[in-house]
Amino acid sequence: MSKTETNTEMQGRAELAVVIMAAGKGTRLKSKRPKVLHEIGGKPLLGHVIAAASQVVAPADIHVIIGHEAERVRSTVASSGVKFVEQIEQRGTGHAIQCAASAVQGYKNILVLSGDVPLIRAETIRQVRQFHQAQQAAMTILSAVPEDATGYGRILRRAPESPEVEAIVEQKSLTPEQATVREINSGIYAFQTAPLLAHISNLTAENAHKELYLTDMARLLRAAGERVVVTEAPVAAEILGANTIAELVALDATLRANTASRLMAAGVTIFRPETCVIDAEVEIAQDTVIEPFVQLLGKTRIGTECRIRSYSVIESCTLGDGILVRQGCILSESTVADGAKIGPFAHVRPGSELGEDVHVGNFVETKKARLGKGAKANHLTYLGDAEIGEGTNIGAGTITCNYDGVHKHITKIGRNVFVGSDTTLVAPIEVGDGAYIGAASCITKEVPADALAVGRARQVTKEGWAIARRGQQKKGEQAT
Ligand code: UD1
Ligand code: CA
(Lines give C-alpha, C1' and ligand atoms only; values in the text may rest on other atoms or scores of the structure.)
(Ligands and ions follow the chains in the order given, each with its own letter.)
Protein backbone atom coordinates (compact mmCIF):
# COMPACT_ATOMS: atom_id res chain seq x y z
CA MET A 1 0.00 0.00 0.00
CA SER A 2 1.46 3.41 -0.95
CA LYS A 3 1.84 6.30 1.45
CA THR A 4 -0.95 8.31 -0.18
CA GLU A 5 -3.40 5.46 0.22
CA THR A 6 -2.56 5.13 3.90
CA ASN A 7 -3.11 8.86 4.34
CA THR A 8 -6.47 8.62 2.65
CA GLU A 9 -7.52 5.89 5.01
CA MET A 10 -6.39 7.91 8.00
CA GLN A 11 -7.69 11.36 7.05
CA GLY A 12 -10.71 10.55 4.86
CA ARG A 13 -11.31 12.82 1.82
CA ALA A 14 -9.86 13.46 -1.61
CA GLU A 15 -8.34 10.20 -2.85
CA LEU A 16 -11.16 7.66 -2.61
CA ALA A 17 -14.86 7.63 -1.79
CA VAL A 18 -17.05 4.55 -1.49
CA VAL A 19 -20.56 4.76 -2.90
CA ILE A 20 -23.05 2.07 -1.91
CA MET A 21 -26.18 1.71 -4.06
CA ALA A 22 -29.08 0.94 -1.75
CA ALA A 23 -32.07 2.84 -3.14
CA GLY A 24 -33.83 -0.01 -4.97
CA LYS A 25 -37.03 -1.64 -3.82
CA GLY A 26 -36.03 -5.25 -4.42
CA THR A 27 -39.19 -6.21 -6.29
CA ARG A 28 -38.03 -9.80 -6.78
CA LEU A 29 -37.99 -10.39 -3.00
CA LYS A 30 -41.77 -9.88 -2.88
CA SER A 31 -41.42 -8.22 0.52
CA LYS A 32 -42.61 -5.01 2.16
CA ARG A 33 -39.22 -4.57 3.74
CA PRO A 34 -36.61 -2.80 1.57
CA LYS A 35 -34.16 -5.33 0.14
CA VAL A 36 -31.03 -3.91 1.78
CA LEU A 37 -32.65 -4.24 5.23
CA HIS A 38 -33.25 -7.97 4.86
CA GLU A 39 -30.90 -9.80 7.20
CA ILE A 40 -28.31 -12.50 6.82
CA GLY A 41 -26.28 -13.69 9.78
CA GLY A 42 -28.55 -11.54 11.98
CA LYS A 43 -27.52 -8.25 10.32
CA PRO A 44 -29.01 -6.23 7.42
CA LEU A 45 -27.43 -6.71 3.99
CA LEU A 46 -26.46 -3.05 3.94
CA GLY A 47 -24.85 -3.36 7.40
CA HIS A 48 -22.48 -6.02 6.04
CA VAL A 49 -21.51 -3.88 3.06
CA ILE A 50 -20.90 -0.81 5.28
CA ALA A 51 -18.79 -2.92 7.67
CA ALA A 52 -16.56 -4.14 4.82
CA ALA A 53 -16.25 -0.63 3.31
CA SER A 54 -15.41 0.87 6.73
CA GLN A 55 -12.28 -1.27 6.83
CA VAL A 56 -11.07 0.45 3.65
CA VAL A 57 -12.11 4.12 4.04
CA ALA A 58 -13.39 6.26 6.90
CA PRO A 59 -17.19 6.20 7.39
CA ALA A 60 -17.35 9.90 6.42
CA ASP A 61 -16.10 8.90 2.95
CA ILE A 62 -18.86 6.33 2.49
CA HIS A 63 -21.92 7.66 0.65
CA VAL A 64 -25.00 5.46 0.74
CA ILE A 65 -27.59 6.07 -1.98
CA ILE A 66 -31.05 5.69 -0.50
CA GLY A 67 -34.50 6.04 -2.07
CA HIS A 68 -37.12 3.36 -1.48
CA GLU A 69 -38.10 3.69 2.24
CA ALA A 70 -35.18 6.08 2.59
CA GLU A 71 -35.89 7.04 6.22
CA ARG A 72 -36.13 3.45 7.36
CA VAL A 73 -32.86 2.57 5.65
CA ARG A 74 -31.15 5.71 6.97
CA SER A 75 -32.19 5.19 10.57
CA THR A 76 -31.18 1.52 10.52
CA VAL A 77 -27.56 2.24 9.56
CA ALA A 78 -27.11 5.86 10.73
CA SER A 79 -25.00 4.87 13.75
CA SER A 80 -22.22 3.70 11.41
CA GLY A 81 -21.41 7.36 10.64
CA VAL A 82 -21.82 7.10 6.84
CA LYS A 83 -23.27 9.86 4.65
CA PHE A 84 -26.44 9.61 2.60
CA VAL A 85 -27.48 10.69 -0.89
CA GLU A 86 -31.12 10.58 -1.96
CA GLN A 87 -32.28 9.09 -5.23
CA ILE A 88 -35.93 10.09 -5.11
CA GLU A 89 -37.04 8.12 -8.17
CA GLN A 90 -35.22 4.85 -8.80
CA ARG A 91 -34.37 4.95 -12.48
CA GLY A 92 -31.55 2.41 -12.44
CA THR A 93 -28.02 1.94 -11.14
CA GLY A 94 -26.63 4.54 -13.61
CA HIS A 95 -29.17 7.07 -12.38
CA ALA A 96 -28.23 6.25 -8.78
CA ILE A 97 -24.62 7.27 -9.46
CA GLN A 98 -25.80 10.40 -11.31
CA CYS A 99 -27.58 11.38 -8.08
CA ALA A 100 -24.30 10.97 -6.16
CA ALA A 101 -22.31 13.17 -8.58
CA SER A 102 -22.09 16.27 -6.38
CA ALA A 103 -21.28 14.22 -3.28
CA VAL A 104 -18.27 12.54 -4.94
CA GLN A 105 -16.91 15.15 -7.31
CA GLY A 106 -14.16 16.19 -4.89
CA TYR A 107 -12.67 12.67 -4.86
CA LYS A 108 -10.16 11.39 -7.42
CA ASN A 109 -11.63 7.88 -7.48
CA ILE A 110 -14.82 6.24 -6.36
CA LEU A 111 -15.49 2.64 -5.49
CA VAL A 112 -19.07 1.53 -6.15
CA LEU A 113 -20.57 -1.28 -4.06
CA SER A 114 -24.05 -2.80 -4.19
CA GLY A 115 -26.12 -2.86 -1.02
CA ASP A 116 -27.39 -6.32 -1.97
CA VAL A 117 -23.96 -7.98 -2.39
CA PRO A 118 -23.20 -8.52 1.32
CA LEU A 119 -20.42 -11.10 1.47
CA ILE A 120 -17.84 -8.80 -0.12
CA ARG A 121 -14.68 -8.71 1.99
CA ALA A 122 -12.42 -5.71 2.65
CA GLU A 123 -9.49 -7.62 1.06
CA THR A 124 -11.39 -7.88 -2.21
CA ILE A 125 -12.38 -4.19 -2.15
CA ARG A 126 -8.67 -3.40 -1.68
CA GLN A 127 -7.83 -5.73 -4.59
CA VAL A 128 -10.18 -3.71 -6.85
CA ARG A 129 -8.63 -0.44 -5.69
CA GLN A 130 -5.07 -1.66 -6.23
CA PHE A 131 -5.79 -3.14 -9.66
CA HIS A 132 -7.61 0.04 -10.67
CA GLN A 133 -4.63 2.18 -9.69
CA ALA A 134 -2.01 -0.12 -11.17
CA GLN A 135 -3.91 -0.29 -14.47
CA GLN A 136 -4.59 3.47 -14.44
CA ALA A 137 -8.07 2.59 -15.65
CA ALA A 138 -11.08 4.87 -15.94
CA MET A 139 -13.29 1.95 -14.89
CA THR A 140 -12.37 -1.32 -13.16
CA ILE A 141 -14.99 -4.04 -12.85
CA LEU A 142 -14.90 -6.84 -10.27
CA SER A 143 -15.99 -10.08 -11.91
CA ALA A 144 -16.44 -13.72 -10.91
CA VAL A 145 -17.18 -17.07 -12.48
CA PRO A 146 -19.94 -18.64 -10.36
CA GLU A 147 -21.48 -22.05 -11.07
CA ASP A 148 -24.66 -20.45 -12.37
CA ALA A 149 -24.36 -17.14 -14.17
CA THR A 150 -28.09 -16.74 -14.78
CA GLY A 151 -29.48 -13.31 -13.96
CA TYR A 152 -26.15 -11.49 -13.87
CA GLY A 153 -24.62 -9.09 -16.39
CA ARG A 154 -21.84 -10.76 -18.44
CA ILE A 155 -18.38 -9.38 -19.07
CA LEU A 156 -17.30 -9.17 -22.71
CA ARG A 157 -13.50 -8.98 -22.72
CA ARG A 158 -11.72 -7.52 -25.74
CA ALA A 159 -9.62 -10.71 -25.97
CA PRO A 160 -9.82 -13.87 -23.81
CA GLU A 161 -6.72 -13.21 -21.68
CA SER A 162 -6.87 -9.42 -21.80
CA PRO A 163 -8.03 -7.44 -18.74
CA GLU A 164 -9.62 -4.94 -21.13
CA VAL A 165 -13.38 -4.94 -21.39
CA GLU A 166 -15.52 -4.15 -24.41
CA ALA A 167 -18.89 -4.04 -22.67
CA ILE A 168 -21.17 -5.51 -19.98
CA VAL A 169 -24.37 -7.09 -21.28
CA GLU A 170 -27.37 -7.58 -19.00
CA GLN A 171 -29.11 -10.98 -18.84
CA LYS A 172 -32.18 -9.80 -20.76
CA SER A 173 -30.13 -8.47 -23.69
CA LEU A 174 -27.79 -11.46 -24.14
CA THR A 175 -27.44 -12.97 -27.62
CA PRO A 176 -27.29 -16.82 -27.59
CA GLU A 177 -23.53 -16.58 -28.04
CA GLN A 178 -23.11 -14.05 -25.19
CA ALA A 179 -25.24 -16.30 -22.97
CA THR A 180 -22.39 -18.84 -22.96
CA VAL A 181 -20.09 -16.31 -21.23
CA ARG A 182 -19.63 -17.43 -17.63
CA GLU A 183 -17.79 -14.38 -16.30
CA ILE A 184 -20.29 -12.16 -14.52
CA ASN A 185 -20.38 -8.57 -13.35
CA SER A 186 -20.39 -8.38 -9.53
CA GLY A 187 -21.94 -4.89 -9.48
CA ILE A 188 -18.74 -3.65 -7.79
CA TYR A 189 -16.54 -1.16 -9.63
CA ALA A 190 -13.84 1.46 -9.28
CA PHE A 191 -14.01 4.63 -11.38
CA GLN A 192 -11.80 7.64 -11.88
CA THR A 193 -14.28 10.34 -10.96
CA ALA A 194 -13.46 12.78 -13.76
CA PRO A 195 -14.14 10.52 -16.80
CA LEU A 196 -17.12 8.95 -15.02
CA LEU A 197 -18.80 12.31 -14.42
CA ALA A 198 -17.82 13.55 -17.90
CA HIS A 199 -19.71 10.71 -19.59
CA ILE A 200 -22.41 9.52 -17.17
CA SER A 201 -24.99 11.96 -18.55
CA ASN A 202 -24.78 10.08 -21.88
CA LEU A 203 -26.48 6.99 -20.44
CA THR A 204 -29.83 6.19 -22.06
CA ALA A 205 -32.71 3.97 -21.01
CA GLU A 206 -33.02 2.17 -24.34
CA ASN A 207 -32.98 -1.32 -22.85
CA ALA A 208 -35.21 -4.11 -21.58
CA HIS A 209 -35.83 -2.43 -18.20
CA LYS A 210 -36.07 1.14 -19.50
CA GLU A 211 -33.52 2.11 -16.86
CA LEU A 212 -30.16 3.86 -16.83
CA TYR A 213 -27.64 1.03 -16.42
CA LEU A 214 -24.36 1.80 -14.69
CA THR A 215 -23.03 -1.22 -16.59
CA ASP A 216 -23.32 0.77 -19.83
CA MET A 217 -20.47 2.99 -18.60
CA ALA A 218 -18.10 0.23 -19.76
CA ARG A 219 -19.18 0.69 -23.39
CA LEU A 220 -19.43 4.50 -23.13
CA LEU A 221 -15.98 4.93 -21.60
CA ARG A 222 -14.44 2.50 -24.12
CA ALA A 223 -16.02 4.43 -26.97
CA ALA A 224 -14.48 7.61 -25.53
CA GLY A 225 -11.06 5.95 -25.66
CA GLU A 226 -10.83 5.38 -21.89
CA ARG A 227 -9.33 2.26 -20.33
CA VAL A 228 -11.89 -0.22 -18.91
CA VAL A 229 -10.53 -3.34 -17.20
CA VAL A 230 -11.73 -6.30 -15.18
CA THR A 231 -10.30 -8.16 -12.16
CA GLU A 232 -11.69 -11.46 -10.92
CA ALA A 233 -12.74 -12.01 -7.30
CA PRO A 234 -10.73 -14.74 -5.55
CA VAL A 235 -13.89 -16.46 -4.28
CA ALA A 236 -17.00 -16.38 -6.49
CA ALA A 237 -19.32 -16.88 -3.50
CA GLU A 238 -18.44 -13.50 -2.02
CA ILE A 239 -19.95 -11.49 -4.86
CA LEU A 240 -23.29 -13.27 -5.07
CA GLY A 241 -26.31 -10.99 -4.86
CA ALA A 242 -29.53 -11.42 -2.89
CA ASN A 243 -32.36 -10.72 -5.32
CA THR A 244 -34.83 -13.39 -4.18
CA ILE A 245 -35.64 -14.95 -0.79
CA ALA A 246 -34.01 -18.20 -1.97
CA GLU A 247 -30.78 -16.35 -2.78
CA LEU A 248 -30.95 -14.51 0.54
CA VAL A 249 -31.32 -17.76 2.49
CA ALA A 250 -28.43 -19.29 0.55
CA LEU A 251 -26.20 -16.31 1.42
CA ASP A 252 -27.25 -16.61 5.07
CA ALA A 253 -26.19 -20.28 5.07
CA THR A 254 -22.83 -19.43 3.48
CA LEU A 255 -22.19 -16.66 5.97
CA ARG A 256 -23.08 -18.83 8.99
CA ALA A 257 -20.93 -21.68 7.69
CA ASN A 258 -18.05 -19.19 7.38
CA THR A 259 -18.69 -17.95 10.95
CA ALA A 260 -18.68 -21.53 12.31
CA SER A 261 -15.44 -22.30 10.42
CA ARG A 262 -13.81 -19.15 11.81
CA LEU A 263 -14.76 -20.13 15.37
CA MET A 264 -13.65 -23.75 14.95
CA ALA A 265 -10.32 -22.55 13.55
CA ALA A 266 -9.95 -20.57 16.82
CA GLY A 267 -10.43 -23.70 18.97
CA VAL A 268 -14.19 -23.76 19.55
CA THR A 269 -15.89 -27.15 19.16
CA ILE A 270 -19.19 -26.92 17.32
CA PHE A 271 -20.86 -30.29 16.92
CA ARG A 272 -23.07 -30.55 13.83
CA PRO A 273 -22.42 -26.89 12.92
CA GLU A 274 -24.98 -27.09 10.10
CA THR A 275 -27.72 -27.31 12.78
CA CYS A 276 -26.53 -24.26 14.72
CA VAL A 277 -27.56 -20.67 14.01
CA ILE A 278 -24.61 -18.42 14.84
CA ASP A 279 -24.78 -14.72 13.97
CA ALA A 280 -21.88 -13.01 12.22
CA GLU A 281 -20.70 -10.96 15.23
CA VAL A 282 -20.70 -13.72 17.86
CA GLU A 283 -17.38 -14.29 19.64
CA ILE A 284 -16.44 -17.48 21.49
CA ALA A 285 -13.16 -18.32 23.22
CA GLN A 286 -11.22 -21.55 22.78
CA ASP A 287 -12.22 -24.87 24.37
CA THR A 288 -15.89 -23.99 24.56
CA VAL A 289 -18.24 -26.66 23.23
CA ILE A 290 -21.42 -25.86 21.33
CA GLU A 291 -23.82 -28.77 20.98
CA PRO A 292 -26.20 -29.32 18.02
CA PHE A 293 -29.24 -27.07 17.48
CA VAL A 294 -27.95 -24.12 19.49
CA GLN A 295 -28.65 -20.52 18.43
CA LEU A 296 -26.15 -17.79 19.32
CA LEU A 297 -27.44 -14.42 18.23
CA GLY A 298 -26.60 -10.72 18.14
CA LYS A 299 -23.42 -9.59 19.86
CA THR A 300 -23.12 -12.62 22.12
CA ARG A 301 -19.68 -13.23 23.70
CA ILE A 302 -18.84 -16.55 25.34
CA GLY A 303 -15.67 -17.22 27.32
CA THR A 304 -13.45 -20.26 27.47
CA GLU A 305 -14.36 -23.81 28.59
CA CYS A 306 -18.10 -23.28 28.54
CA ARG A 307 -20.58 -25.85 27.33
CA ILE A 308 -23.78 -24.78 25.61
CA ARG A 309 -26.10 -27.75 25.40
CA SER A 310 -28.65 -28.43 22.69
CA TYR A 311 -31.71 -26.26 21.98
CA SER A 312 -30.50 -23.25 23.93
CA VAL A 313 -30.92 -19.78 22.41
CA ILE A 314 -28.57 -17.04 23.60
CA GLU A 315 -29.04 -13.51 22.26
CA SER A 316 -26.78 -10.53 22.94
CA CYS A 317 -25.37 -11.93 26.21
CA THR A 318 -21.91 -11.90 27.73
CA LEU A 319 -20.87 -15.17 29.34
CA GLY A 320 -17.66 -15.64 31.32
CA ASP A 321 -15.57 -18.82 31.54
CA GLY A 322 -16.46 -22.36 32.59
CA ILE A 323 -20.22 -21.85 32.32
CA LEU A 324 -22.67 -24.68 31.73
CA VAL A 325 -25.91 -23.84 29.94
CA ARG A 326 -28.00 -27.00 29.96
CA GLN A 327 -30.61 -27.96 27.37
CA GLY A 328 -33.42 -25.68 26.28
CA CYS A 329 -32.46 -22.37 27.94
CA ILE A 330 -33.29 -18.92 26.58
CA LEU A 331 -30.96 -16.09 27.58
CA SER A 332 -31.16 -12.53 26.30
CA GLU A 333 -29.35 -9.24 26.94
CA SER A 334 -27.83 -10.49 30.19
CA THR A 335 -24.46 -11.26 31.72
CA VAL A 336 -23.34 -14.50 33.33
CA ALA A 337 -20.13 -14.75 35.37
CA ASP A 338 -17.61 -17.60 35.53
CA GLY A 339 -18.67 -21.04 36.68
CA ALA A 340 -22.45 -20.47 36.61
CA LYS A 341 -24.80 -23.35 35.84
CA ILE A 342 -28.05 -22.63 34.09
CA GLY A 343 -31.04 -24.77 33.17
CA PRO A 344 -32.34 -26.99 31.81
CA PHE A 345 -35.27 -24.86 30.62
CA ALA A 346 -34.31 -21.60 32.30
CA HIS A 347 -35.41 -18.21 30.95
CA VAL A 348 -32.89 -15.45 31.62
CA ARG A 349 -34.53 -12.25 30.41
CA PRO A 350 -32.99 -8.83 29.68
CA GLY A 351 -31.04 -7.08 32.40
CA SER A 352 -30.19 -10.19 34.41
CA GLU A 353 -26.74 -10.34 35.99
CA LEU A 354 -25.86 -13.80 37.21
CA GLY A 355 -22.75 -13.79 39.41
CA GLU A 356 -19.94 -16.30 39.73
CA ASP A 357 -21.01 -19.89 40.42
CA VAL A 358 -24.69 -18.98 40.45
CA HIS A 359 -27.14 -21.81 39.84
CA VAL A 360 -30.36 -21.07 38.01
CA GLY A 361 -32.25 -24.28 37.51
CA ASN A 362 -35.22 -25.67 35.65
CA PHE A 363 -38.25 -23.48 35.01
CA VAL A 364 -36.64 -20.48 36.64
CA GLU A 365 -37.27 -17.08 35.04
CA THR A 366 -35.17 -14.02 35.83
CA LYS A 367 -35.69 -10.45 34.62
CA LYS A 368 -33.52 -7.51 35.71
CA ALA A 369 -32.35 -9.73 38.54
CA ARG A 370 -28.86 -9.52 40.01
CA LEU A 371 -27.72 -12.71 41.74
CA GLY A 372 -24.54 -12.51 43.83
CA LYS A 373 -21.76 -15.06 43.86
CA GLY A 374 -22.93 -18.59 44.62
CA ALA A 375 -26.64 -17.70 44.91
CA LYS A 376 -28.99 -20.51 43.93
CA ALA A 377 -32.50 -20.63 42.53
CA ASN A 378 -32.82 -24.18 41.38
CA HIS A 379 -36.48 -24.81 40.65
CA LEU A 380 -39.73 -23.20 39.43
CA THR A 381 -39.10 -19.59 40.37
CA TYR A 382 -39.70 -16.03 39.10
CA LEU A 383 -37.17 -13.38 40.06
CA GLY A 384 -38.04 -9.99 38.53
CA ASP A 385 -36.52 -6.60 39.49
CA ALA A 386 -34.61 -8.34 42.25
CA GLU A 387 -31.23 -8.09 43.96
CA ILE A 388 -30.09 -11.28 45.63
CA GLY A 389 -26.94 -11.39 47.76
CA GLU A 390 -24.07 -13.85 47.73
CA GLY A 391 -24.73 -17.38 48.94
CA THR A 392 -28.49 -16.92 49.22
CA ASN A 393 -30.71 -19.92 48.51
CA ILE A 394 -34.05 -19.33 46.84
CA GLY A 395 -36.36 -22.29 47.45
CA ALA A 396 -38.50 -23.98 44.81
CA GLY A 397 -41.53 -22.03 43.69
CA THR A 398 -40.45 -18.64 45.02
CA ILE A 399 -42.11 -15.69 43.31
CA THR A 400 -41.22 -12.01 43.45
CA CYS A 401 -44.47 -10.05 43.02
CA ASN A 402 -42.82 -7.10 41.29
CA TYR A 403 -45.82 -5.62 39.51
CA ASP A 404 -48.80 -3.97 41.20
CA GLY A 405 -50.69 -3.53 37.96
CA VAL A 406 -49.25 -0.05 37.41
CA HIS A 407 -45.64 0.05 38.57
CA LYS A 408 -42.71 -2.34 38.95
CA HIS A 409 -41.10 -2.61 42.40
CA ILE A 410 -37.78 -3.94 43.68
CA THR A 411 -37.13 -6.95 45.87
CA LYS A 412 -33.85 -6.83 47.82
CA ILE A 413 -32.60 -9.98 49.48
CA GLY A 414 -29.30 -9.90 51.40
CA ARG A 415 -26.45 -12.40 51.64
CA ASN A 416 -26.76 -15.96 52.88
CA VAL A 417 -30.53 -15.74 53.19
CA PHE A 418 -32.62 -18.90 53.18
CA VAL A 419 -35.90 -18.40 51.33
CA GLY A 420 -38.14 -21.42 51.92
CA SER A 421 -40.03 -23.04 49.09
CA ASP A 422 -43.23 -21.47 47.79
CA THR A 423 -42.47 -18.02 49.20
CA THR A 424 -44.17 -14.97 47.72
CA LEU A 425 -42.30 -11.70 48.16
CA VAL A 426 -44.57 -8.71 47.62
CA ALA A 427 -42.37 -5.85 46.39
CA PRO A 428 -41.17 -3.32 47.35
CA ILE A 429 -39.61 -5.49 50.02
CA GLU A 430 -36.27 -6.05 51.76
CA VAL A 431 -34.87 -9.10 53.46
CA GLY A 432 -31.70 -8.60 55.54
CA ASP A 433 -28.52 -10.71 55.51
CA GLY A 434 -28.70 -14.15 57.08
CA ALA A 435 -32.51 -14.15 57.49
CA TYR A 436 -34.73 -17.21 57.22
CA ILE A 437 -38.13 -17.30 55.56
CA GLY A 438 -40.38 -20.24 56.35
CA ALA A 439 -41.76 -22.24 53.45
CA ALA A 440 -45.04 -21.09 51.88
CA SER A 441 -44.76 -17.59 53.37
CA CYS A 442 -46.30 -14.51 51.86
CA ILE A 443 -43.83 -11.77 52.82
CA THR A 444 -45.22 -8.24 52.75
CA LYS A 445 -43.10 -6.57 55.48
CA GLU A 446 -39.38 -6.03 55.79
CA VAL A 447 -37.45 -8.96 57.28
CA PRO A 448 -34.47 -7.77 59.39
CA ALA A 449 -31.07 -9.44 59.22
CA ASP A 450 -30.81 -12.83 60.97
CA ALA A 451 -34.58 -12.92 61.71
CA LEU A 452 -37.00 -15.73 60.97
CA ALA A 453 -40.15 -14.68 59.11
CA VAL A 454 -43.11 -16.96 58.66
CA GLY A 455 -46.17 -15.57 56.95
CA ARG A 456 -48.71 -18.35 56.46
CA ALA A 457 -51.96 -19.58 57.97
CA ARG A 458 -51.52 -21.89 60.96
CA GLN A 459 -52.26 -25.51 60.25
CA VAL A 460 -55.46 -26.95 61.74
CA THR A 461 -55.44 -30.71 62.36
CA LYS A 462 -58.62 -32.64 63.31
CA GLU A 463 -57.88 -36.19 64.45
CA GLY A 464 -60.17 -38.85 62.94
CA TRP A 465 -62.04 -36.33 60.81
CA ALA A 466 -61.69 -38.36 57.59
CA ILE A 467 -63.04 -41.55 59.11
CA ALA A 468 -66.07 -39.70 60.45
CA ARG A 469 -66.72 -38.19 57.04
CA ARG A 470 -66.51 -41.51 55.27
CA GLY A 471 -68.99 -42.99 57.79
CA GLN A 472 -71.68 -40.58 56.62
CA GLN A 473 -71.27 -41.57 53.01
CA LYS A 474 -73.54 -44.12 51.40
CA LYS A 475 -72.06 -47.30 49.99
CA GLY A 476 -70.67 -46.81 46.51
CA GLU A 477 -69.57 -43.22 47.22
CA GLN A 478 -66.66 -44.32 49.33
CA ALA A 479 -63.24 -43.30 48.43
CA THR A 480 -61.35 -46.19 46.82
C1 UD1 B 1 -26.81 -5.40 -11.26
C2 UD1 B 1 -26.02 -5.22 -12.57
C3 UD1 B 1 -25.61 -6.59 -13.11
C4 UD1 B 1 -24.82 -7.35 -12.05
C5 UD1 B 1 -25.58 -7.43 -10.74
C6 UD1 B 1 -24.69 -7.99 -9.66
C7 UD1 B 1 -26.99 -3.20 -13.56
C8 UD1 B 1 -27.82 -2.66 -14.65
N9 UD1 B 1 -26.84 -4.53 -13.53
O10 UD1 B 1 -27.99 -6.10 -11.61
O11 UD1 B 1 -24.82 -6.45 -14.28
O12 UD1 B 1 -24.50 -8.66 -12.55
O13 UD1 B 1 -26.02 -6.13 -10.30
O14 UD1 B 1 -25.32 -8.16 -8.45
O15 UD1 B 1 -26.43 -2.44 -12.79
N16 UD1 B 1 -30.20 0.46 -6.98
C17 UD1 B 1 -30.30 1.81 -6.69
N18 UD1 B 1 -31.06 2.60 -7.48
C19 UD1 B 1 -31.70 2.14 -8.59
C20 UD1 B 1 -31.57 0.76 -8.89
C21 UD1 B 1 -30.82 -0.05 -8.07
O22 UD1 B 1 -29.74 2.27 -5.69
O23 UD1 B 1 -32.34 2.93 -9.27
C24 UD1 B 1 -29.41 -0.40 -6.08
C25 UD1 B 1 -30.21 -1.56 -5.52
O26 UD1 B 1 -30.82 -1.20 -4.28
C27 UD1 B 1 -29.16 -2.66 -5.36
C28 UD1 B 1 -28.13 -2.31 -6.42
O29 UD1 B 1 -28.37 -0.99 -6.82
O30 UD1 B 1 -28.59 -2.62 -4.08
C31 UD1 B 1 -28.21 -3.25 -7.63
O32 UD1 B 1 -29.49 -3.16 -8.21
P33 UD1 B 1 -30.29 -4.43 -8.71
O34 UD1 B 1 -31.59 -3.99 -9.24
O35 UD1 B 1 -30.28 -5.49 -7.70
O36 UD1 B 1 -29.36 -4.86 -9.95
P37 UD1 B 1 -29.24 -6.29 -10.60
O38 UD1 B 1 -30.41 -6.55 -11.46
O39 UD1 B 1 -28.90 -7.30 -9.58
CA1 CA C 1 -28.91 -7.28 -7.37
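Q: What is the volume of the second largest pocket in this predicted model?
A: In this predicted model, the second largest pocket is lined by 20 residues, and those nearest its centre are P118, L119, I120, R121 and L255. By class, its lining has ten nonpolar, five polar and five charged residues. The volume of the second largest pocket is about 560 Å³.

Q: Which helix gives the most to the lining of the second largest pocket?
A: At least two lining residues of the second largest pocket come from each of α2 (45-54), α6 (122-135) and α9 (245-265). With five residues, the one that gives the most is α9.

Q: Which element supplies the largest share of the lining of the largest pocket?
A: The largest pocket holds about 1,200 Å³ of space, and among its 39 lining residues the closest to its centre are R28, K35, T93, D116 and N243. Both α4 (93-99) and β10 (184-192) supply at least two residues of this lining. The largest share, four residues, comes from β10.

Q: Is the pair formed by Y189 and F191 stacked or tilted?
A: The structure holds four aromatic pairs, one of them formed by Y189 and F191, with 5.8 Å centre to centre and 35° between the planes. Because stacked pairs need planes under 30 degrees apart and edge-to-face pairs over 60, the pair of Y189 and F191 counts as tilted.

Methods
Residues numbered from 1 in each chain as written. Chains lettered and ligands numbered in written order. Predicted model: local features only at pLDDT ≥ 70, side-chain atom pairs only at ≥ 80, totals over all residues. Heavy atoms only, no water. Phe/Tyr/Trp six-rings, centres within 6.5 Å; stacked < 30°, edge-to-face > 60°. 1 Å grid on protein atoms, 1.4 Å probe; cavity = no way out; pocket = protein on both sides within 12 Å on 5 of 7 lines; lining within 4 Å. Points joined across faces, edges and corners; volume = space filled by probe spheres on them. Nonpolar A, V, L, I, M, F, W, Y, C, P; charged D, E, K, R; others polar.
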